[in-house]
Amino acid sequence: FGEPYESVCREMIKLRQRLLPYLYSLFDECHRTGAPILRPLLFEYPADETTYTADDEFLLGDALLVAPITRPGTEHRHVYLPEGTWFHYYSGERFEGPVHILAHAPLGEPALYVRGNSAIPMGPDAAHTNAGPTDPLTLLVYPSRGEGESTLYEDLGNGFGYQEGEYARRTISCESSDGRITLRLGERQGSFVPERREVRLELRGITAAQSVTINDEEHTSYRIEGGILTVTLGEEAGRTTVEVVL
């Protein structure tokens, strides 16, 4: 279709590729529990009657909310955000639900919202699934007051070895209160060992930090740029606790 549509499509495909670790974890959850990957809002918020008629937006897992625009030439739409703290994926703007908002979603920046304290596992840029390196794995988190928990699932990506325990599953929790953010990576379960050396923790909305510790040891090799605090971790099987004092 030519520009600008070619570039927009390319960036959306790249985002989908980067989200594959998150999507793969959702498929594991669906396999184990039956929970759908694409969910109506009422699935996660059955006590909120407003979600019963919200049929033009949906949840991707429990941590991403998508409100698509389906009419040409339209850049704004109404979005309902249920209970909790939500962040616009592109701008980082924060919203406290439940709330009705008017979202600006120009072509190439869909109305995509991330639930606070949810770790979104994201892979590197790749043109296709066999593009090569799995380094680094980025854990994208928008800290907010309270706590949240996510699950990361990985395996070889082909075959039935997972039935014999050849998988890697771990919980990731984030807690934020009183100027302190604590992120915990649970012990890796299963016999699968990911082929990567680096896990990158990306905390968005952070402009300054007094200290960063990893397993109670001070860590100085972190950076803050553009409101993003980035901490680089090794791929370890054991528990890891990262604490940030703001």
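This note sets out points on a pocket, a sheet and the aromatic pairs of a predicted model.

1. The second largest pocket. This pocket has a volume of about 620 Å³. Its lining is made up of 24 residues, and Met12, Ile69, Gly108, Glu109 and Pro110 are those that lie nearest the centre of the pocket.

2. At least two residues of the lining of the second largest pocket come from each of helix H1 (5–18), strand S2 (58–60) and strand S3 (64–67). H1 supplies the largest share, with 4 residues. By type, the lining residues of this pocket comprise 17 nonpolar, 4 charged and 3 polar.

3. The open sheet. The order S7-S8-S12-S16-S15 describes an open sheet of 5 strands, in which the pairing is mixed. Strand S7 (120–122) and strand S15 (222–225) each have a single partner strand, so they stand at the edges and one side of each is left without a neighbour in the sheet. From one strand to the next, the twist averages 25 degrees.

4. The partner of S7 is strand S8 (residues 137–141); the two run in the antiparallel sense and are joined over 3 bridges. Within this pairing, Pro121 has Leu139 in S8 as its bridge partner.

5. An edge-to-face aromatic pair. The model contains 6 aromatic pairs. In one of them, the ring centres of Phe95 and Tyr113 are 6.0 Å apart and the planes meet at 75 degrees; because this angle is over 60 degrees, the pair of Phe95 and Tyr113 is edge-to-face. The pair links distant parts of the chain, with Phe95 in strand S5 (residues 94–104) and Tyr113 in strand S6 (residues 111–115), 18 residues apart.

6. Accessibility of Phe95 and Tyr113. The relative accessibility of Phe95 is 14%, so this residue counts as buried. Tyr113 has a relative accessible area of 1% and is therefore buried as well. The cut-off that applies to both is under 20%.

7. A tilted aromatic pair. Phe160 and Tyr162 also form an aromatic pair, with 6.5 Å from centre to centre and 35 degrees between the planes, and this pair is tilted. Phe160 has a relative accessible area of 61% and is therefore exposed, whereas Tyr162, at 26% relative accessibility, counts as partly exposed.

8. An aromatic cluster. Three further residues deserve mention under this heading: Tyr24, Tyr153 and Tyr167 form one aromatic cluster.

Note on methods. Residues numbered from 1 in each chain as written. Predicted model: local features only at pLDDT ≥ 70, side-chain atom pairs only at ≥ 80, totals over all residues. Heavy atoms only, no water. 1 Å grid on protein atoms, 1.4 Å probe; cavity = no way out; pocket = protein on both sides within 12 Å on 5 of 7 lines; lining within 4 Å. Points joined across faces, edges and corners; volume = space filled by probe spheres on them. Nonpolar A, V, L, I, M, F, W, Y, C, P; charged D, E, K, R; others polar. Pairing = 2+ DSSP bridges. Axes fitted to C-alpha atoms, helices over the stretch in contact; angles between N-to-C directions. Phe/Tyr/Trp six-rings, centres within 6.5 Å; stacked < 30°, edge-to-face > 60°. Buried < 20%, exposed > 50% of the residue type's maximum accessible area, 1.4 Å probe, protein only.
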